[in-house]
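User: I have a model open and a few things to ask about it. Can we go through them one at a time?

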Amino acid sequence: MIIAPYACHHNQSKGRQFQEELTLFRNHFQRDRDRIIHSASFRRLQYKTQVFVNHEGDMFRSRLTHSLEVAQIARSVARTLECHEDLAEAIALAHDLGHTPFGHAGQDALNECMKNFGGFEHNPQSLRVVDVLENRYAGFRGLNLTFEVREGILKHCSKKNARLLGEVGLRFIAGNQPSLEAQIVNYTDEIAYIHHDLDDGFRSGILNFKNLCDLDLFNEIYQNVIHMHTSVTEEQILNETIRRMMNVMIKNLCDETHKKIKQFNPQSPDELRQMPPLVDFSPLMARLMMQIKKFSRDFLYQHPRIQAMSNDAKKTTTALFNFFLKNYDSIPVSFKVDEQDTRERVIADYVAGMTDRYANNYFNSTNP
Ligand code: MG
């Protein structure tokens with residue numbers, strides 16, 4: 001593995017909250033990745049919604065397959081840009097650990113329930129999962145991950161909340177950037193979801209070639225694909241088009257970022273953290289990306305079928321929150337970590353950790 005001076009090196013990690021002996025066969029970031037994979041929260045991503053609720057069909061993405069796709073792209077981009085692949089992989093695998101059941105509908109409902117108690121956001125929740133809520137090691141709470149992985153997981157944070165988070169919150173107060181590996185994961189998260197959501201949208205029958213061709217990037221590549229391949233199935237045409245789209249976008253990201261790295265020439269990760277964001281698309285690619293996001297919002301996420309799922313999800317999440325307010329003793333003691341936490345925060349942690357089907361079963365058993 002070639003690592004440039006601006007990349008994070010595992011031997012120069014800013015360390016873990018609790019010191020641990022080095023392992024023989026793995027560097028710090030590989031160890032963090034393995035801890036994430038072995039966590040219960042990671043396994044639960046398997047039954048958490050990306051766009052389509054789990055019981056809609058076996059072919060759709062879940063949060064788990066989404067996270068794996070992000071990790072795959074992040075590793076390739078990190079390698080191309082001479083960054084630390086293991087770090088990028090660990091951040092990618094952990095980035096959605098704090099996601100609620102039922103995708104964004106679940107998060108919106110939980111945020112609404114928590115509006116007078118500090119709110120709820122899935123991204124800071126991912127950090128809370130690895131710092132506090134995972135409980136499997138004898139020596140400490142959480143997974144005791146390195147600063148670099150934790151920094152990468154925390155993508156957004158208000159200044160108010162950042163003050164409560166110690167070192168990992170400082171950059172939000174100072175207005176600095178995270179490591180290049182973290183910046184890579186932010187972009188590869190978007191590359192992964194915009195493409196696989198189009199794919200799932202097509203499989204579901206909500207999207208078709210006619211409306212997908214309203215997208216400039218899709219249309220251009222699609223025309224090429226049908227010109228080159230005349231006797232293939234619709235599914236092959238779709239896969240080939242999406243595969244090529246991803247390739248074009250990833251190449252653009254690597255090229256543009258490479259230019260920025262050359263221009264700013266950072267000599268260490270700390271120097272890079274004080275520079276403007278270096279991972280970027282070209283202005284044209286950024287526009288094409290925005291077009292896809294808007295298209296998905298208008299034609300997929302707001303489609304009546306998805307909206308019906310979202311409305312059910314909001315109802316279920318809110319009902320569970322209210323049920324636990326009245327039946328606080330039903331929450332396992334392992335969630336009551338810190339006496340400083342309000343009951344509402346403990347309830348939010350518990351509900352957020354549920355899978356779609358656990359939440360549905362719990363809802364059905366408490367609302368006969
Ligand atoms: Mg994501």
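**Metal site and surroundings**

Analyst: H66 is buried, at 1% relative accessibility; buried means under 20% relative accessible area, exposed over 50% and partly exposed in between, with a 1.4 Å probe and protein chains only. This is a predicted model, where local features need pLDDT of at least 70 and side-chain atom pairs count only at pLDDT 80 or more, while totals for chains, interfaces and linings use all residues. Residues are numbered from 1 along each chain as its sequence is written, and side-chain values use heavy atoms, with hydrogens and water left out.

User: Which residues are the protein donors of the magnesium ion?

Analyst: H66 (NE2), H95 (NE2), D96 (OD) and D189 (OD), at 2.2 to 2.7 Å from the ion. Donors are N, O and S atoms within 2.8 Å of the metal (3.2 Å for Na, K and Ca); water is not among the atoms, so sites may look incomplete.

User: How are the donor residues spaced in sequence?

Analyst: The pattern is H-x28-H-D-x92-D. H66 lies in helix 3 (residues 63-80) and H95 in the loop between helix 4 (85-94) and helix 5 (103-113), so the pair ties together parts 29 residues apart in sequence. Helices (H or I, at least four residues) and strands (E, at least two) are DSSP runs, numbered from the N terminus.

User: Is H95 buried or exposed?

Analyst: H95 is buried, with a relative accessible area of 8%.

User: Next, helix 4 and helix 10. At what angle do they pack?

Analyst: About 45°, with the axes 9 Å apart; helix 10 covers residues 180-203. Axes are lines fitted to C-alpha atoms, for helices over the stretch in contact, and angles run from 0 to 180 degrees between N-to-C directions. The two helices are therefore oblique to each other: under 35 degrees counts as roughly parallel, over 145 as roughly antiparallel, 65 to 115 as roughly perpendicular and the rest as oblique.

User: Which residues meet there?

Analyst: L87, A88, I91 and A92 in helix 4 meet E181, A182 and V185 in helix 10, where contact means heavy atoms within 4.5 Å.

User: Is C157 buried or exposed?

Analyst: C157 is buried, with a relative accessible area of 13%. C113 also counts as buried, at 15% relative accessibility.

User: Last one: where does D312 lie?

Analyst: In helix 16 (residues 304-326). D312 is partly exposed, with a relative accessible area of 46%.
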